[in-house]
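Here's a quick walk through a few side-chain and helix-packing details. Have the model open while you read.

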Amino acid sequence: METNQKLSLPTMGCGTWAWGNQLLWGYNQSMDEQLQGVFNLCVSNGVTLFDTGDSYGTGKLNGRSETLLGKFSSEYQGVNQENICIATKLAAYPWRWTKKSMFSAGLASAKRLGRNIDLVQMHWSTANYAPWQEVGLLDGLAELYQQGLVKGVGLSNYGTKRLQWVHKRFQSQGIPITTLQVQYSLLSTYPVTELGLKDVCDDLGIKLIAYSPLALGLLTGKFSENGTFPKGVRGLLFRQILPGITGILGCLREVANTRNKTMSQVAINWCICKGTIPIPGAKNSAQATENIGALGWQLSDAELTELDQAAAKSDKKMVQNIFQTR
């Protein structure tokens, strides 16, 4: 049995959901090399947490995101190499409902990564539709930790009540919850302002990870009501939300201009100032470089207040994940 080591987390990480979605449509060597360049750039600049999931890449691309991350991690040589932290989320698929099935899923992810998982996370809670299923899955995560195969255990899309229930269960087994990942941004303050998750996490010693800190790109300032929209469901969502967030975008733009930063950098820095670890996605080096520009400085209290007030007054909010529990 290996000894669990202390898991060190940076101020900001990189979410690989974009990689996963991109890979569903196919991949080639050129794309792989581009993504490897993103990985190397992030690590060399101190962004060493990479969040993925075993469901990112399905069918013929089974677990492709994990496979790529494992390859990039093993081939990287340079500054911060020893600080690379690979976090993956194990999906609560309907056919996974036993301790053994979740434990096996963790072993499969580790095999694709070519290394032990640093942080293993429950991708979502089944409390909203099949609460009986969750016990076995949680026990599987616990077994991975108890056998020293992971450094930390985390959760994703859990609300305050369900988090406290899991914490009590894990605490009886001597298993700390390292992180909780929720959708959090200026357009999605719900987990903190309405569920009170940040205070609970602070009390329990859990670090809050903010996924989709740029609200799928709505907070970047690159989209407008009269401009070009993304294709598919994302485009439909943008058409519904953009008219109601002019106040937030205006405030972001004003702060960004004053700071000589981009709107994306201000939105990410806001998440950092709120005590969370944002994990924006990056498909290319330009996006990664812009994300990295959110580090090394802090918004003032006055700027945070302005942004908070703009968020509170917004007519539209980001749609919540259907698996988010209370």
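Cys 42 counts as buried, since its relative accessibility is 4%. Keep in mind that this is a predicted model. Cys 42 is in no disulfide, and the nearest cysteine sulfur, that of Cys 14, sits 4.4 Å away. A disulfide would need the two sulfur atoms within 2.5 Å. Cys 251 is in no disulfide either: the nearest cysteine sulfur belongs to Cys 273 and is 14 Å away. Cys 251 is buried too, because its relative accessible area is 11%.

Now for the rings. A pair of aromatic rings is described by the distance of the centres and the angle of the planes. The structure holds eight aromatic pairs. One of them joins Phe 39 and Phe 50, and it is stacked because the planes are at 25 degrees, with the centres 4.4 Å apart. This pair links distant parts of the chain, with Phe 39 in helix α2 (residues 29-44) and Phe 50 in strand β2 (residues 49-53), eleven residues apart. Both Phe 39 and Phe 50 are buried.

Phe 39 also forms an aromatic pair with Phe 72, and that one is tilted. Here again distant parts of the chain are linked: Phe 39 is in helix α2, Phe 72 is in helix α3 (residues 64-75), and they are 33 residues apart. Here are the two pairs side by side:

| Pair | Centre to centre | Angle between planes | Type |
|---|---|---|---|
| Phe 39 and Phe 50 | 4.4 Å | 25 degrees | stacked |
| Phe 39 and Phe 72 | 5.9 Å | 50 degrees | tilted |

How accessible is Phe 39? Its relative accessibility is 0%, so Phe 39 counts as buried. Phe 72 likewise has a relative accessible area of 0% and is buried.

Arg 162 lies over the face of Trp 165, at 4.0 Å from the ring centre.

Last stop, a helix pair. Helix α4 (residues 99-113) packs against helix α5 (residues 131-146) at an angle of about 45 degrees, and their axes are 7 Å apart. That angle is why α4 is called oblique to α5. As for handedness, α4 passes α5 in a right-handed crossing.

Definitions and conventions. Residues are numbered from 1 along each chain as its sequence is written. This is a predicted model: local features need pLDDT of at least 70, side-chain atom pairs count only at pLDDT 80 or more; totals for chains, interfaces and linings use all residues. Side-chain values use heavy atoms; hydrogens and water are left out. Rings of Phe, Tyr and Trp (its six-membered ring) pair if their centres lie within 6.5 Å; planes under 30 degrees apart count as stacked, over 60 as edge-to-face and the rest as tilted. Helices (H or I, at least four residues) and strands (E, at least two) are DSSP runs, numbered from the N terminus. Buried means under 20% relative accessible area, exposed over 50%, partly exposed in between (1.4 Å probe, protein chains only). A charge sits over a ring if NZ of Lys or CZ of Arg is within 6 Å of the ring centre and within 35 degrees of the ring normal. Axes are lines fitted to C-alpha atoms, for helices over the stretch in contact, and angles run from 0 to 180 degrees between N-to-C directions. Angles under 35 degrees count as roughly parallel, over 145 as roughly antiparallel, 65 to 115 as roughly perpendicular and the rest as oblique. A crossing is left-handed if the near helix is turned anticlockwise from the far one by less than a right angle, and right-handed if clockwise.
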